[in-house]
Amino acid sequence: MSFIGVSEYIEKEVPDWNDDVIATARFKAFSGQRSDWELKFQFWRDLILKIARHFDLLVVHSSQIKNEWFNRGGLTPLCLDHVLFLMYTEGDIVRSSDIVDPTNGRVSQLFKRVRNLMVRARTTSEGLLKDHVIFMTLVKDKAAEVVKLLSESHWTSSCIITMEKFKDMYGGTDEASAVLSYLAGCGKAQYLSINKKEFIEGLKVSLSSAAVSSISSLDCDVLHLIWTTEKLQQQLDVIDRRYEMSRKSALASLQSGDKKVALRHARQLKMATESREKYTSLLNRVEEVLNVIANAESTKKVSEAIQIGAQAIKKNQISVDEVHLCLEELEESIDSQKQVETVLESTPSYSCIDDEDIEEEFKKLELELESENPQLTIPETGDNEAAEETLASESADLLSVAFSSLGLKDGPAESSPTEDSMVPARNNESKRPMPEAA
């Protein structure tokens, strides 16, 4: 990341950045109560976080923020020491030296946390400028991205990955350590290692909302298998590169007429092909074992779910027949829903109807309206607002006539003679005995 890139981004985000009067006020040191400079602090805090997010910076030296990011002709903000210190005390940033390393033992991690609490209280703004700082907001976002990425390739509640693969997801070791420390602190990841022929490091990451479970011997075996697949894949990549180089060399030798060299490259091609087949066979066997383990875990979870369901049935005193009845009702509901969806999908669309047919139907409706209400005239398309007001007035008159014919008028409603004569008849009908069923 270059200083020019940061300057261009700041000028884009802050239109009045080059205004000397405004810049002078912004670059002044804080003084007085916090309420006097709260808005200025929020401005610098938000701008720092925007720059870090835009350039994807998890870790940066604090002196770089002060001396390079906001340098205007050799002038730097006098309030920036105070801003960084407040961001540190409020948890927006942490020092890289405060990061707890999950690869250490539990006792070491505990001592580190206690030490951080003691050192944090004595940290000054001058001491903060001598260390790298980590943006915790970005660390949380990166951790969520990692969990989402792993969830796309794993359908279990947790997964095992090697430390090398975890580091490859980030631009550097410091970034990976910051995210790992955050995940371990939240209980979403645990470090594990095995020491066989080689020292293998890995992580167990929870892909659900629950905390990660404790490390088991099966997790260590799975880590060894995953590490083996990665090593085999690396060997296959090397073989593919050698094969491609030998193929190009063989073609070049044939074109130049050197058959001996071409034959030598042909032998190398044959050896590379045989090696590739061997490594591919081993890789398939290891992946098959991993699939068996994954299927066993899913079968175990299904059996646990069945046991929980059986316990719930016994606890609530539900019979097997009731369970079958509920399942049948559920299937019937699903079938009904599918039938409704089928009918809706088969409903013909109106796109096949021609505009001429619509015009004909519209004219028929106009004629019917004119025959029923000779006084009502339907305006042509494009009439002015006066014609619309006339139509509204005529419609109101027609409604008044219709209501008056029904005997509706202001004040308390009076029952019509017809209504009164119908009520007793209805009452008499209700008093008649209902015929008994045969």
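Is Asp 141 buried, exposed or partly exposed? Asp 141 is partly exposed, with a relative accessible area of 32%. Please keep in mind that this is a predicted model.

- A search of the whole structure turns up 14 salt bridges, and a few of them are worth a look on your screen.
- Asp 141 pairs with Arg 53 in a salt bridge whose closest N and O atoms lie 2.6 Å apart.
- This pair links distant parts of the chain, with Arg 53 in helix 3 and Asp 141 in helix 8 (residues 136–153), 88 residues apart.
- Arg 53 is partly exposed, at a relative accessible area of 44%.
- Another salt bridge joins Arg 276 to Asp 240, and its closest N and O atoms are 2.6 Å apart.
- Here too the pair links distant parts of the chain: Arg 276 sits in helix 12 (residues 259–315) and Asp 240 in helix 11 (residues 217–256), 36 residues apart.
- Arg 276 counts as partly exposed at 34% relative accessibility, and Asp 240 counts as partly exposed at 28%.

- Arg 34 forms a salt bridge with Glu 38, with 2.6 Å between the closest N and O atoms.
- Arg 34 and Glu 38 are four residues apart in helix 3 (residues 34–54), so about one helical turn separates them.
- Arg 34 is partly exposed, with a relative accessible area of 32%, and Glu 38 is partly exposed at 23%.
- Arg 34 and Glu 38 also belong to a network of salt bridges that includes Glu 90.

**A buried aspartate in a loop**

- Asp 98 lies in the loop between strand 2 (93–95) and helix 6 (106–122).
- Asp 98 counts as buried because its relative accessible area is 10%, and the cut-off for buried is under 20%.
- The side chain of Asp 98 makes a polar contact of 3.1 Å with the side chain of Tyr 88.
- Setting aside neighbours within four places in sequence, Asp 98 is in contact with Tyr 88, Lys 112 and Asn 116.

- Leu 110, Val 114 and Met 118 make a nonpolar surface patch of about 290 Å².
- Leu 110 is located in helix 6.
- Leu 110 is exposed, with a relative accessible area of 54%.

Technical notes
Residues are numbered from 1 along each chain as its sequence is written. This is a predicted model: local features need pLDDT of at least 70, side-chain atom pairs count only at pLDDT 80 or more; totals for chains, interfaces and linings use all residues. Side-chain values use heavy atoms; hydrogens and water are left out. Helices (H or I, at least four residues) and strands (E, at least two) are DSSP runs, numbered from the N terminus. Buried means under 20% relative accessible area, exposed over 50%, partly exposed in between (1.4 Å probe, protein chains only). A polar contact is a pair of N or O atoms within 3.5 Å; within protein, one must be able to donate a hydrogen and the other to accept it, and residues adjacent in sequence count only if both atoms are side-chain atoms. Contact means heavy atoms within 4.5 Å. Patches are made of residues with over 30% relative accessible area and no salt bridge: like charges are joined within 9 Å, nonpolar side chains (Val, Leu, Ile, Met, Phe, Trp, Tyr) within 5 Å. Accessible areas come from the Shrake-Rupley method with a 1.4 Å probe; for residues, only the protein chains shown count as cover. A salt bridge is a side-chain nitrogen of Lys or Arg within 4 Å of a carboxyl oxygen of Asp or Glu.
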